[in-house]
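Hi,

Here's the structure I said I'd pass on. Have a look at it first, and my notes follow below.

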Amino acid sequence: MTVTHGTALTSEITEILVTRCGLDAAAAARAPAASLEELGMDSLALLELSAVVADRWRVRIPEQAGQLSIGGVADLVAAAGPAGHTENSILIAAPLPLVWEITNDVARWTDLFTEYAVVEILHRDGDTVRFRLTMHPDENGVAWSWVSERTTDPATWQVRARRVETGPFEYMRIHWYYDTEPAGTRMTWVQDFAMKPTAPVDDAAMTERINTNSRVQLAVIKERIERAYAGGGDE
């Protein structure tokens, strides 16, 4: 299944409304063009939505948000757009449960990615894990390191993550989602971010770097998971 950014964004807004604002998911599915007010969202729910959207995308929702549909809110966010945005995916010839298990075993990411030298698990709380990643030294001998937090949702085959120690980023938010296709599992990585004014590169340059590196790492992950699947599920 191919998911456009607009569809993914609408789904993300819906998820916020359901989990944070009390939206009835079934009612929203039955009436996708209904306004938030028509879906029962009161002023407190709209304030919560505005707070989450402002924090996640740095976008201000207008006071008359209750008159907007879920798609209308997504259009506002998309129109403002993140400072940096990337979306990359790959089709892996292996079943979704195996792809999910391997790619979300953070403690073993040094066996899965070529860029990470050390992974240190700092804290676990249910489906949320906080961890420190340290990369192999770059061409200048610098080994970049930062703390991230990541929450998996096995019910929807999605993952949300963010950098806790942002370094050169104003913010970095990551969304992984997985879809079953006839030939296997499609894994998609979406990253929204903004660079600090003091960062050594701007948003456009970082977008290019992330796109280039993501394609390399996705290809490596595909090869390693397919090899694991051919070998019976273990590397």
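For the aromatic pairs, I counted rings of Phe, Tyr and Trp (its six-membered ring) with centres within 6.5 Å; planes under 30 degrees apart are stacked, over 60 edge-to-face and the rest tilted. Bear in mind that this is a predicted model: local features need pLDDT of at least 70 and side-chain atom pairs pLDDT 80 or more, while totals for chains, interfaces and linings use all residues. Numbering starts from 1 along each chain as its sequence is written, and side-chain values use heavy atoms, leaving out hydrogens and water.

The whole structure has 10 aromatic pairs. In one of them, the ring centres of W176 and W189 are 4.9 Å apart with planes at 15 degrees, so they count as stacked. W176 is in strand β6 (residues 169-181) and W189 in strand β7 (residues 184-195), so this pair links parts 13 residues apart in sequence. (Strands are DSSP E runs of at least two residues, numbered from the N terminus.) Both W176 and W189 are buried, i.e. under 20% relative accessible area with a 1.4 Å probe, protein chains only. Together with W109, F113, Y116 and F131, they form one aromatic cluster.

Cheers

Technical notes. Helix = DSSP H or I, 4+ residues; strand = E, 2+ residues; numbered from the N terminus. Buried < 20%, exposed > 50% of the residue type's maximum accessible area, 1.4 Å probe, protein only.
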